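Here's a quick tour for anyone meeting this structure for the first time. Have a look at the picture, then read on.

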Amino acid sequence: MVRIVFPTNDKMSYISSVETTFDDAKYLTILNVRGQNITAVETIENPHIHSRDGILKVCKENKFGVLISPNGNCLPLKKLQKNGVSVYKAENKKMVLHTFSDFVQDKLHKVS
């Protein structure tokens with residue numbers, strides 16, 4: 001199972017819009033995925049809002065494997081990659097479900 005995380009400002013499950021950055025998002029929408037299937041959806045308050053390095057701690061604690069954000073470059077990429085977390089760049093304001101579909105179809109750019 002992989003846990004894929006999206007920054008959002010809505011608590012509307014996978015129909016929430018993806019926000020520009022994790023820094024400005026009120027919530028994290030998390031998809032638990034097995035293969036290409038969503039097995040569960042969680043929405044939690046963003047515990048690291050306005051803390052660039054806090055995302056690494058959150059990823060470790062919650063076993064996140066993939067972060068998807070329109071502005072993936074603003075994350076501590078090297079530290080995340082060293083800890084097994086991949087970052088992908090997505091379109092701003094697109095729904096989480098549509099962005100997940102793009103991820104599954106390899107339409108998102110992996111940030112390195």
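The buried residues of α1 pack against β2 (27-34), β4 (66-69) and α2 (77-82). Buried here means under 20% relative accessible area with a 1.4 Å probe, counting protein chains only. This is a predicted model, where local features need pLDDT of at least 70, side-chain atom pairs count only at pLDDT 80 or more, and totals for chains, interfaces and linings use all residues. Residues are numbered from 1 along each chain as its sequence is written, and side-chain values use heavy atoms, leaving out hydrogens and water.

**Helix α1**
- Helix α1 covers residues 54-62, and its buried residues are Gly 54, Ile 55, Leu 56, Val 58 and Cys 59.

**The overall layout**
- You'll find 3 helices and 6 strands in the protein chain; these are DSSP runs, with helices being H or I of at least four residues and strands E of at least two, numbered from the N terminus.
- Starting at the N terminus, the order is β-β-β-α-β-α-β-α-β.

**Size and packing**
- Of the 112 residues, 45% are buried.
- Among contacts (heavy atoms within 4.5 Å) with a separation of 6 or more, 49% come from residues 24 or more positions apart.

Definitions and conventions. Buried means under 20% relative accessible area, exposed over 50%, partly exposed in between (1.4 Å probe, protein chains only).
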